[in-house]
Amino acid sequence: MKQKITKPTKGKIDLLILTSPPYFNQEQYSTDEEQSYNLFPTYESWINGYIKETFQIGYDLLKKGGVLLLNIADTKELPLEIDTLSVLEDIGFEFEYEIGMKMQRDLGLDGER
Ligand SMILES: C[S@@+](CC[C@H](N)C(=O)[O-])C[C@H]1O[C@@H](n2cnc3c(N)ncnc32)[C@H](O)[C@@H]1O
């Protein structure tokens with residue numbers, strides 16, 4: 001039987017946990033054309049297209065007072081953290097606090113380092 005996928009109604013989520021968005025082309029999970037770095041091949045288009053669009057959907061789904069938990073880090077090449085936070089503030093999110101976590105390795109490097 002075919003299942004109908006319905007779009008969630010706006011303002012229906014109390015708590016949104018978005019653990020870890022992709023890091024542009026710094027970690028490539030597959031070569032699938034739907035991967036965000038393929039959909040938006042330049043960093044600027046990726047920030048303003050993929051990141052902004054994705055978090056705007058999350059913002060619209062959250063009820064007032066809802067919380068977004070985000071796992072993000074800079075890479076050696078890209079200031080992902082500040083650029084993502086800037087987009088989130090443009091959308092309307094208010095920054096509350098950051099919890100520092102130690103990375104096992106630098107992004108974009110092989111697993112040995
Ligand atoms: C940093 S990983 C996080 C994986 C997992 N959510 C976690 O927390 O361990 C980013 C994920 O985003 C996915 N991704 C990349 N482009 C995407 C897109 N256009 N739409 C949805 N997911 C995408 C990747 O395939 C990858 O699984």
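Me: In which hand does helix 2 pass helix 3?

Reply: In this predicted model, helix 2 passes helix 3 in a right-handed crossing. On the side of helix 2, the contact is made by I47, I51, K52, F55, Q56 and Y59, and on the side of helix 3 by D83, T84, V87, L88 and I91. Sorted by class, this contact has seven nonpolar, two polar and two charged residues.

Me: At what angle do the axes of helix 2 and helix 3 cross?

Reply: The axes come within 10 Å and cross at roughly 50 degrees. Helix 2 is therefore oblique to helix 3. Angles from 65 to 115 degrees would count as roughly perpendicular, and those under 35 degrees as roughly parallel.

Me: Which pattern does the chain follow along the sequence?

Reply: One begins by counting the elements. The chain has three helices and two strands, and read along the sequence they follow the pattern β-α-α-β-α. Helix 2 covers residues 43–61, and strand 2 covers residues 62–70.

Me: How is a residue judged to be buried or exposed, and which is F24?

Reply: The general idea is to count neighbours: a residue is buried if 20 or more other C-beta atoms lie within 10 Å of its own, and exposed if 12 or fewer do. F24 has 23 other C-beta atoms within 10 Å, and therefore it is buried. F24 is placed in the loop between strand 1 (13–18) and helix 1 (36–39). Of the 113 residues of the chain, 8% count as buried.

Me: Is E44 buried or exposed?

Reply: E44, which lies in helix 2, is exposed because 9 other C-beta atoms lie within 10 Å. The C-alpha atoms of E44 and D83 are separated by 9.8 Å, although the two residues are 39 apart along the chain. E96 counts as exposed because it has 7 C-beta neighbours inside 10 Å.

Me: What share of the contacts between residues at least 6 apart joins residues at least 24 apart?

Reply: Among the contacts between residues at least 6 apart in sequence, 69% join residues at least 24 apart. A pair of C-alpha atoms may also be compared with its place in the sequence. T19 and L70 are 51 residues apart along the chain, and their C-alpha atoms are separated by 5.4 Å.

Me: Which residues surround the ligand?

Reply: To read such a shell, one lists its residues and then sorts them by class. The ligand is surrounded by T19, S20, P21, P22, Y29, E34, Q35, S36 and L39. The shell has four nonpolar, four polar and one charged residues. T19, one of the residues around the ligand, lies in the loop between strand 1 and helix 1. T19 counts as exposed, because it has 7 C-beta neighbours inside 10 Å.

Technical notes:
Residues numbered from 1 in each chain as written. Predicted model: local features only at pLDDT ≥ 70, side-chain atom pairs only at ≥ 80, totals over all residues. Near = placed C-beta within 6 Å. Nonpolar A, V, L, I, M, F, W, Y, C, P; charged D, E, K, R; others polar. Helix = DSSP H or I, 4+ residues; strand = E, 2+ residues; numbered from the N terminus. Contact = placed C-beta atoms within 7 Å. Axes fitted to C-alpha atoms, helices over the stretch in contact; angles between N-to-C directions. Parallel < 35°, antiparallel > 145°, perpendicular 65-115°, else oblique. Left-handed = near helix turned anticlockwise from the far one by under 90°.
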